[in-house]
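Hello,

I am passing a structure on to you, and below it you will find some notes on what turned up. Please read them with the model open beside you.

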Amino acid sequence: MSFPVVFRDLATEDVRAIYSWYELQQEGLGLRLIASLDLAVALISEHPLSCPVVYRRMRRVLLNGF
């Protein structure tokens, strides 16, 4: 069973800004960021409890390579 992962508007804006910044650093790096983010979202959706708790009930997953 998978669970929906929802990005709030501010998070979506952050992702767009970070994507743009990485693209300015090196062409294609923003796309690698999005690919890594997609893998993290899939992990969260399929196995949400596998991510460690970092504060109270907040969990974290790190983006591979970022």
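**A surface patch and an aromatic cluster**

Tyrosine 55 lies in strand E1, residues 53-55 (helices, H or I of at least four residues, and strands, E of at least two, are DSSP runs numbered from the N terminus). This is a predicted model, in which local features need pLDDT of at least 70 and side-chain atom pairs count only at pLDDT 80 or more, while totals for chains, interfaces and linings use all residues. Residues are numbered from 1 along each chain as its sequence is written, and side-chain values use heavy atoms, with hydrogens and water left out.

Tyrosine 55 counts as partly exposed because its relative accessibility is 47% (buried means under 20% relative accessible area, exposed over 50%, and partly exposed in between, with a 1.4 Å probe and protein chains only).

Turning to the aromatic rings, there are two aromatic pairs, where rings of Phe, Tyr and Trp (its six-membered ring) pair if their centres lie within 6.5 Å, and planes under 30 degrees apart count as stacked, over 60 as edge-to-face and the rest as tilted. Tryptophan 21 and tyrosine 22 are edge-to-face, because their planes stand at 80 degrees, with ring centres 5.1 Å apart. Tyrosine 22 also pairs with phenylalanine 66, with centres 5.0 Å apart and planes at 80 degrees, so this pair is edge-to-face. It links distant parts of the chain, since tyrosine 22 is in helix H1 (residues 9-25) and phenylalanine 66 is in the segment after strand E2 (58-59), 44 residues apart. Trp21, Tyr22 and Phe66 form one aromatic cluster.

Best wishes
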